[in-house]
Amino acid sequence: MKIRLNIGAISEPLQSEQFKTGDWGTEWSFVDREKCTACRVCEQFCPDGCIEVKEIEGKEVAVVDHNYCKGCGVCASVCRYGAIKMELKELFKVDVC
Amino acid sequence: MKKVVRGFYSVAYAVKLCKPNIICAYPITPQTEIVENLALMYANGELENCKYITAESEFAAASILVGASAAGARTFTATCSQGLILMSEVLFNAAGMRLPIVIVNTNRALSAPLSIWNDLQDSMALRDAGIIQVYVENNQEAHDMVPQAYKIAEDKRVRLPFMICMDGYKLTHAYEPVDLLDQNVVDSFLPPYSPEVYLTTKKPVAFGCYAPPHIYMEFRVAMQRAMERAKEIMEKVFADWAEVSGRNWGGHLEVVYPDSKNFVIAMGSIVGLLRKVVEELRNEGISVGLVKLRTFRPFPVQELRKSLENAEKIIVIDRSVSFGYEGNLSIELKSALYGMSPEVISFILGLGGRDVPKDFLKELVKNAILGKEKSGFKGFKEFEEVIP
Ligand code: SF4
Ligand code: SF4
């Protein structure tokens, strides 16, 4: 079957949702819900818009969407409360000789 | 209406008749007076439904035109040399986004050393961008090419940027009689530009989006196909133009004395000089014809093979070089003639505005035909390399 190609790579809105960029990086960000103050700084700085402050179990905290997190580490470096840690993905925990 | 005008004006006037919506440029010699003329027309209110935008660099000018063209505007810019290569990042994008921006490039040498004079090195650097390139011989042809450029570039089956290449100074600053077109002639030939998809808040889209490996290649194949289609569409537009204007510039090539044994091939204003050279050599009993190559991209391979099928010797006049290899036109021509066996002699001359007198050119061509002149740079002074 022939695919349909939009000439000029013209794209309609929200197509980027289909591009799950979560497998790009070697690390992911994780939020420590105890330390998080819901200040939303990370939300502003995440270049992929994939960290969002939401209410979880009655507390507002930052939540990372690992479907899209590229592991750039920006959120971890801007969080003034040390609430975000970058962790190596299981896949990359290998011994290199 | 025939008038004696400079190359700048012949282009600017034709652009005006094509009713552009956005003109955006940054000044660079020897292009500046094209956009100066347009700016004057704009200031005098002669350009309806048009905005003239001054940019802070050629990079910005090209970027503004990408946005404007994507928003459905008919766009124009002129540049050359460092300006063109500063635009190049944007222009490669414009081609990929399939935007029919029309550019007049007033061919000028590239730095370093700094030179404001003429050769073809600048447009050659953009050879692989996906931009249609046509080289003109005189100011009437430059004038006539403008409406044709819009018609071809904006054709739904093409949708690629179009670069008209005219020699800096030799054409831009030259006074020549030019039959300036009538508005109604241009109007009957060139319909308004109205793309189906364009940037609008009513139906938002993005141009030139991200394409991962599973889909990128298809877009490039589509560009190649558009170039191939352009080859045919251009022939048709050239023929229509001959009808409408009464001036026939030929197809992708013009061949003078097609039954000759030897041929000279060149692009741009030097073709005018070669016409005279060929006449004189023929008067001396030498069988020599001339191929004027008008379209450089898409490269008219079949037309060249057909026109040169009985050629024994071909002399290529190049005014640019691919360092580490040879003259650019020579490279392209040899590749197009692969499997055929004419002798190809390639001369690189006239770089950075170096004068090419007629008798010098005539001697070169004559000696090449007589087997007394080898390929290479011609018309330079021998030197010793020193580190000061
Ligand atoms: S910057 Fe740190 S404290 Fe602020 S919302 Fe993000 S994770 Fe929570
Ligand atoms: S690591 Fe980068 S991509 Fe992932 S959530 Fe933090 S800022 Fe966003």
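**Labels and their grounds**

Analyst: By class, the shell around ligand 2 holds nine nonpolar, three polar and one charged residues. The model is a predicted one.

User: Which residues come nearest to ligand 2?

Analyst: Of the 13 residues around ligand 2, the nearest are Cys46(A), Cys69(A), Cys72(A), Gly73(A) and Cys75(A).

User: What makes a residue such as Arg40(A) part of the surroundings of ligand 1?

Analyst: The test is a heavy atom within 4 Å. Arg40(A) is listed around ligand 1, along with others including Cys36(A), Cys39(A), Cys42(A) and Cys79(A). That shell divides into nine nonpolar, one polar and one charged residues.

User: Why is Arg40(A) called partly exposed?

Analyst: Its relative accessible area is 35%. Buried means under 20% and exposed over 50%, so a value in between is partly exposed. Arg40(A) sits in the loop between strand S1 (27-31) and helix H1 (41-45) of chain A.

User: What is the phi of Arg40(A)?

Analyst: Near 75 degrees, a positive value in a residue other than glycine. Most residues other than glycine have a negative phi. Tyr257(B) also has a positive phi, near 55 degrees.

User: What does the interface between chain B and chain A consist of?

Analyst: Chain B gives 18 residues and chain A twelve. Together they bury about 1200 Å², 75% of it on carbon and sulfur atoms. On the chain B side, helix H8 (residues 213-245) supplies the largest share, five residues. That side divides into twelve nonpolar, three polar and three charged residues.

User: How many salt bridges and polar pairs cross between chain B and chain A?

Analyst: Zero salt bridges are found. Four residue pairs are in polar contact.

User: Which peptide bonds are cis?

Analyst: Thr29(B) to Pro30(B) is one, with omega about 0 degrees. Arg297(B) to Pro298(B) is cis too, with omega near -5 degrees. Most peptide bonds are trans.

Key
Residues numbered from 1 in each chain as written. Chains lettered and ligands numbered in written order. Predicted model: local features only at pLDDT ≥ 70, side-chain atom pairs only at ≥ 80, totals over all residues. Heavy atoms only, no water. Contact = heavy atoms within 4.5 Å. Buried area = accessible area lost by both parts, 1.4 Å probe. Salt bridge = Lys/Arg side-chain N within 4 Å of Asp/Glu carboxyl O. Polar contact = N/O pair within 3.5 Å; in protein donor to acceptor, adjacent residues only side chain to side chain. Helix = DSSP H or I, 4+ residues; strand = E, 2+ residues; numbered from the N terminus. Nonpolar A, V, L, I, M, F, W, Y, C, P; charged D, E, K, R; others polar. Buried < 20%, exposed > 50% of the residue type's maximum accessible area, 1.4 Å probe, protein only.
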